Amino acid sequence: MAAANDLLTRAPARQSSECAEAAYREIGDALRCGEVIDAMGMLGNVARRWRVQNAAMIAANMRGAQRQAIILSTARGFRLSVQLAVFGGGTLLVLEQAANFGTLLASSIILARALSPLEQLLDRWRHWNAAAHAIQRIAATLGDPARLQRSLMPQPRPCTRLSLDNVSFVPPGASRPTVKGVSFDVGSGEFVCIAGAAASGKTTLLQLMTGLWQPTAGFVTLDGHDTHSWSRDDFGHHVGYLPQSIQLFGESVRTTISRMSEGDPYATVKAAKLAGIHHVIGRLPNGYDSTLDKLTGGQRQQIGIARAFYGDPALILLDEPDSNLDGRALNTLITTLKWLKERGRMIIVTSHRQEMLRSADRVILLDNGAIAKIAVPAPPPAADLAPPLPEPAPS
Ligand SMILES: Nc1ncnc2c1ncn2[C@@H]1O[C@H](COP(=O)(O)OP(=O)(O)OP(=O)(O)O)[C@@H](O)[C@H]1O
Ligand SMILES: [Mg+2]
């Protein structure tokens, strides 16, 4: 009966959890995109889609529950008949004086105790199934657990070299590499720009440098240590990263910049000054304790840059940090990057903006995941070297 139960309830349980997952995911996405939904009147469509998914989940749940209820009642009836038969047979034996009353009682108790775990197993089968399915999904999402194991040994502050040695990468589930045989080094005090057309692999390359992915072939090392296997807590102290999608979170500007820690206020202000956003934060209603919802696109990007600068990391990786910046903010960022470069930081930035590309020591041009060209830009005209800096240079 346990086997029949498994056969009949496995499919509905799986269907129900898939529908629930899809419905929660869509509602989560919708909550994050309230502005778009309201502006373009998409609420009705979103609600309709949620109702369909929710109805499918309830239907699958009901189907599984009904089948399980039938099997459970049959099992219960079967157990009662077995107990009755044992008791009846035992009574007959007692009457014929082939057994005594104690034996009858003991057999009846043993039988009840032996059958009850099986019945409980049937009752809990659905939960076992759901748990097994969830474990499978987690394993599929995280991939090979061995990949997640990281070295726990803290490393000294890296300061000399980030090396990419013949790095190729095929994203999970993809069939073709998005990064192909990339090799270059970035040393202390170097500012490198990565350029290339859309989908040429700039973001993926930066993600490989952060150790987010393990290269399919080749190595990404920081001072000789593999960035992927580096303990995340320790690696984070040495790296400042701005993703292309910015991804700000935190209850206030302060917690966001200080990477969700209590944060050293001086370090937070220093990072904000470096990103050229300190004077803007100062004018918010609650200063550094203001929430993020009143910030403009450019200001959000500058807060993301400040988060990357927080804690004075040795390696700075910025993915299109200038996509929302006006000319003045861009000049401030370039000045800061040069200032950091002079102090020995390793800086790698992806960008399409000419001003940024001209300021770098080297520009690596990607084409379809491979290096097409490495150029050394001509130094910018003298006027460009003295941009207006709204913040005093940090000490
Ligand atoms: N997780 C992933 N799974 C499968 N393919 C991916 C994944 N991430 C990126 N890709 C693919 O890798 C290629 C490179 O993407 P990437 O985001 O690195 O490009 P990009 O140069 O940063 O583009 P853009 O200038 O638009 O930001 C694209 O074809 C993209 O579809
Ligand atoms: Mg990109």
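Helix 1 (residues 2-32) packs against helix 3 (residues 43-95) at an angle of about 160°, with their axes 8 Å apart. Here helices (H or I, at least four residues) and strands (E, at least two) are DSSP runs, numbered from the N terminus, while axes are lines fitted to C-alpha atoms, for helices over the stretch in contact, and angles run from 0 to 180 degrees between N-to-C directions. That angle makes helix 1 roughly antiparallel to helix 3; under 35 degrees counts as roughly parallel, over 145 as roughly antiparallel, 65 to 115 as roughly perpendicular and the rest as oblique. Helix 1 passes helix 3 in a left-handed crossing. A crossing is called left-handed if the near helix is turned anticlockwise from the far one by less than a right angle, and right-handed if clockwise. The residues of this contact comprise 16 nonpolar, 9 polar and 4 charged, where Ala, Val, Leu, Ile, Met, Phe, Trp, Tyr, Cys and Pro count as nonpolar, Asp, Glu, Lys and Arg as charged, and the others, Gly among them, as polar.

A word on the model itself: it is predicted, so local features need pLDDT of at least 70 and side-chain atom pairs count only at pLDDT 80 or more, whereas totals for chains, interfaces and linings use all residues. Residues are numbered from 1 along each chain as its sequence is written, and chains are lettered from A and ligands numbered from 1 in the order in which they are written.

Helix 1 also meets helix 4 (residues 101-142): their axes come within 9 Å and cross at roughly 45°. That makes helix 1 oblique to helix 4, and the crossing is right-handed. From helix 1, residues including Asn-5, Thr-9 and Arg-10 take part, facing residues of helix 4 such as Leu-121, Trp-125 and His-133; two residues are in contact if their C-beta atoms, placed from the backbone, lie within 7 Å. This contact divides into 6 nonpolar, 5 polar and 4 charged residues.

Ala-271, Ala-272, Leu-274 and Ala-275 of helix 9 touch Gln-302, Ile-305, Ala-306 and Phe-309 of helix 11, a set with 7 nonpolar, 1 polar and no charged residues.

Six strands form an open sheet in the order 6-7-8-3-9-10, with mixed pairing; two strands pair if DSSP finds at least two bridges between them. Strand 6 (239-242) and strand 10 (370-375) stand at the edges with a single partner strand each, so one side of each is left without a neighbour in the sheet. Neighbouring strands are turned by 15° against each other on average, direction ignored.

Strand 3 (residues 191-196) and strand 9 (residues 362-367) pair in the parallel sense over 5 bridges. Cys-193 has Val-363 as its bridge partner, and Gly-196 has Leu-366. Strand 9 runs antiparallel to strand 10, joined by 5 bridges, with Asp-367 opposite Ala-370. These two strands form a hairpin with 2 residues between them, and Asn-368 in the turn has a positive phi of about 55°.
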